[in-house]
Amino acid sequence: MCGIVGYIGHREAADVVVDGLTRLEYRGYDSAGIVTADSQAQLEVVKRAGKLSILKEALKTNPLKGNIGIGHTRWATHGKPNDVNSHPHLSEDSKLAVIHNGIIENYMPLKAKLISNGHDFVSDTDTEVIVHLIEEHYQGDLVEAVQNALKEVTGAYALVVSHIDHEVIVAARATSPMVIGIGENENFVASDVPALLPYTRKVIFLHDGDMALIKKASIELSDFDGNIVEREISTIDWDAEAAEKSGYEHYMLKEIYEQPTVLQNTFGGRFAANGMDVELDLGLDPNSINRVVITAAGTAYYSGAVGEYLIEQVAKIPTEIELASEFRYRKPILDENTLCIVVSQSGETIDTLEALREAKRQGAKTLAILNVKGSSISREVDDSLYIHAGPEIGVASTKAYMAMLAAFELIAIWLGRARAELSDSVASELIQALRSTPGLVEHALEEREHIAQIAEQFKDKRDYLFLGRGINFPTALEGALKLKEISYIHAEAYATGEMKHGPIALIDENMPIVAIATASELYEKTISNIQEVKARDGIIISLANPDDEQIAIHSDHVIRVPKVHELISPMINVASLQLLAYETAHRLELDVDQPRNLAKSVTVE
Ligand code: M6R
């Protein structure tokens, strides 16, 4: 949450920083601000409440000069999203600026102490205490002042500091992500890789407890006590184009249409030549476990809910799915025979990271399904399986979900084969079906226009229900989440068979119900459940296969999706639900890529 960008070099810093912030706006868009240092006696700042576009307008009338700059796009925690609470926060003499992502947990006692020492506070933020603390400790050495200030601070943060008298940017990390981009006679710092892609692919991911002294031609890394630390330089293989809209109106739409390619990338090189096995480069011994616990948040959690079905059915290992935000507080019981799988696009979600830490504390084996390399989770987990979805910019996750499902398919087959639970014939049937998924998803997306008409018809409804059974119950949950988060329509999902136990009371002629009725063991039961809803005048929008002729009798609208093996159907079915959410929000003229109140990676509890 919150995006930070810093630049030091030979270019106009404001251009680089604003460009970087544009690529990181998915991390928060309550306000934005930038400060640059040129040859004047004080730092120059412009900051505005609202989206980055408002800051960009302000910069047109008040352009900032200088080759050193730091900027921020905010997801508000402490203090309303107004101009004053926007970052950067400056010292009274405007010589020192601080930008921060995270939460300073002990800011209240620190603030009280600083006020009694004579400091005047102007904002309601926790961040401002850092400015005053650094000021208190500053005696000409900026790094030392930051080190001493941070010794007084507790919480999770990534921060950058700029001072008019020093041609440097100081960066520090404690839990919140921060990556340094290495250039030629210029260097960069950012919360996330997309900000750096047009400038460099050579990066250093800071670890917790790292500080960086970033100069134009050098980068020095240390811990908070000043001891030198060495970190690996990684090369990013994403191309800059991957973080652009490439002609699509929204990132979300582009990412929906990227899914066939993403599937090819996730599967790439992982099917064995014999057509029956999966090759995963993991250290885990599949025969050393007797239980799997999957934990994640949001959309990643729903991918895990599909994973639960897959691992139990394909590999016959008892599996549970847990919300990461509940996991460690529920005091779960794990041991060395448990495999804990954490799932996260960003690898930075604090709930998921803490769940991983809990699993490790209890001695469980751990595996992460991740998209972003160099993330916090990747550094702490035993084994990582990368989904290779490329940068996902839309706040509503689509292609990462698809790739997470693909990863669970691979893991389930890999475990099933290694434990001799999956026959040659079933394995090759599943792998063949998986190979067909890129084409089938493409096919499902061809229904866009029809889905758009349905979206138009029901866009003004206040409530929606999504129904699915078996392995497609999580698909219903994900469909409802997508609709909620970008269209602000209240949507709930139920396992179809649960309707009669209560939610059926909600049904009337105003309620659209999206019913997943693709081929499955429970198809007949699903049809009965749909009829129960129809009998109460609900508006049925079915998701069904092309050869299903009877579904039209029970439905008001039918969205056709290609027929595929039931265990693989969540990948095909979800594509239509993503489009339904997209088309609805688009028709409501809402900001599809930056829905209100949300941020892409949630790094606070
Ligand atoms: O980066 P992660 O996969 O850990 O993020 C988890 C959730 O915060 C994320 O999936 C969220 O629910 C998305 N907004 C869903 O579209």
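How do the residues of the shell around the ligand divide into nonpolar, polar and charged? I counted four nonpolar, seven polar and two charged residues in that shell. For this tally Ala, Val, Leu, Ile, Met, Phe, Trp, Tyr, Cys and Pro are nonpolar, Asp, Glu, Lys and Arg are charged, and the others, Gly among them, are polar.

**Entry 1: basis.** I note that the model is predicted, that local features need pLDDT of at least 70 and side-chain atom pairs pLDDT 80 or more, and that totals for chains, interfaces and linings use all residues. Residues are numbered from 1 along each chain as its sequence is written, and side-chain values use heavy atoms, with hydrogens and water left out.

**Entry 2: ligand shell.** I looked up the 13 residues around the ligand and found that Ser344, Gln345, Ser346, Thr349 and Glu485 come nearest; a residue is near if one of its heavy atoms lies within 4 Å of the molecule.

I then listed polar contacts (pairs of N or O atoms within 3.5 Å; within protein, one must be able to donate a hydrogen and the other to accept it, and residues adjacent in sequence count only if both atoms are side-chain atoms). A side-chain N or O atom of glutamate 485 is 2.3 Å from an oxygen atom of the ligand. For lysine 482, a polar side-chain atom lies 3.1 Å from a ligand oxygen atom. Valine 395 places a backbone N or O atom 3.3 Å from a nitrogen atom of the ligand. Taken alone the ligand exposes 410 Å², and the protein buries 90% of that (Shrake-Rupley method, 1.4 Å probe; for residues, only the protein chains shown count as cover).

Entry 3: I find the ligand in the second largest pocket, where sitting requires more than half of its atoms within 2 Å of the grid points. On a 1 Å grid over the protein atoms alone, a pocket is an open set with protein on both sides within 12 Å along at least five of seven lines, a cavity is a set of points where a 1.4 Å probe fits but cannot get out, and lining residues have an atom within 4 Å of a point. Two elements give two or more residues to the ligand shell, α8 (298–315) and α15 (473–487); α8 gives the most, with three residues. Helices (H or I, at least four residues) and strands (E, at least two) are DSSP runs numbered from the N terminus.

**Entry 4: largest pocket.** I read a volume of about 760 Å³ for the largest pocket, a volume being the space filled by probe spheres set on grid points joined across faces, edges and corners. It is lined by 30 residues, with Ile236, Asp237, Trp238, Asn371 and Lys373 closest to its centre. The lining divides into 10 nonpolar, 10 polar and 10 charged residues, and α7 gives the most to it, with three residues.

**Entry 5: cavities.** Of the 18 residues lining the largest cavity, Pro177, Ser191, Asp192, Phe205 and Glu348 lie nearest its centre.

**Entry 6: backbone.** I noted a cis peptide bond from histidine 87 to proline 88, with omega near 0 degrees.
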